Amino acid sequence: MLRETILHALDGGRTAHQLVERIQRRWWTHGYARALAEGQIASPVGTAVALVRPSTDCPDPMCEDGVTLHLGDACPKCDQRRTDRRRGQASGPREKGPAPQWWECDGQGCTTAGKGPRPADGLCWQCQERVEEAAAQTAVQRVSATLAAEAEAAEEAARLRQTIRWARMLDEAYTEHAERGRTAQELAEAQRQAEADAEQVHILREQLLREHPELAAYVQEQT
């Protein structure tokens, strides 16, 4: 019985989401929540049927418990019916619109069938939620991958800068060491040259004195 009531409600052009909203609204506004708390619900199946079944007392198929579904305003036919009832007039039968068509979900591995207007993407609401969740997860993964790549690039740049600084410091140290070694070598060479020059002068002086003894007094005065 409950299954037939649900199918009949879907035949009326309502989606599964709209049926859920109907059940939630009636559960509170029709007093079922209070009745359950007070232990006054005698037939759970009967209560479920009452929560699901369409409004049978309004001739407008778009009426949803006294509200025009696609407009969100008070149903004028319900208002007129209440006026007629007060005047003792009977209301007419429910107006029937074109029968809604069944459609099958295009989701991979999904066997859900719906009735009424077919969604633009051909997916039932469960598949739509799965697609949205997958898209959100993909977006999060892409952002995480981008942040990880940026962090890795920043670390690599820092390592490169440190390597360049160390290479520059080593090059400066090698240059300074080479300059110091070259200076010490030049000083030693100059010292050796000076000693060699002094020895040469001494040899020339001795030779001059041997060849010209008369110059000894002059040479002694110069030294």
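The model is predicted, so to speak with care, local features need pLDDT of at least 70 and side-chain atom pairs count only at pLDDT 80 or more, while totals for chains, interfaces and linings use all residues. Residues are numbered from 1 along each chain as its sequence is written, and side-chain values use heavy atoms, with hydrogens and water left out.

The chain has 7 helices and 4 strands, where helices (H or I, at least four residues) and strands (E, at least two) are DSSP runs numbered from the N terminus. Of its 223 residues, 18% count as buried, buried being under 20% relative accessible area, exposed over 50% and partly exposed in between, with a 1.4 Å probe and protein chains only.

Turning to the helix pair, the axes of helix 2 (residues 16-29) and helix 4 (residues 44-52) come within 8 Å and cross at roughly 115°; these axes are lines fitted to C-alpha atoms over the stretch in contact, with angles from 0 to 180 degrees between N-to-C directions. From helix 2, Leu19, Arg22, Ile23, Arg26 and Trp27 meet Ala50, Leu51 and Val52 of helix 4, contact meaning heavy atoms within 4.5 Å.

Finally, Leu2, Ile6 and Val45 make a nonpolar surface patch of about 210 Å²; patches take residues with over 30% relative accessible area and no salt bridge, joining like charges within 9 Å and nonpolar side chains (Val, Leu, Ile, Met, Phe, Trp, Tyr) within 5 Å, a salt bridge being a side-chain nitrogen of Lys or Arg within 4 Å of a carboxyl oxygen of Asp or Glu. Areas come from the Shrake-Rupley method with a 1.4 Å probe, and for residues only the protein chains shown count as cover. Leu2, which lies in helix 1 (residues 2-11), is partly exposed, with a relative accessible area of 32%.
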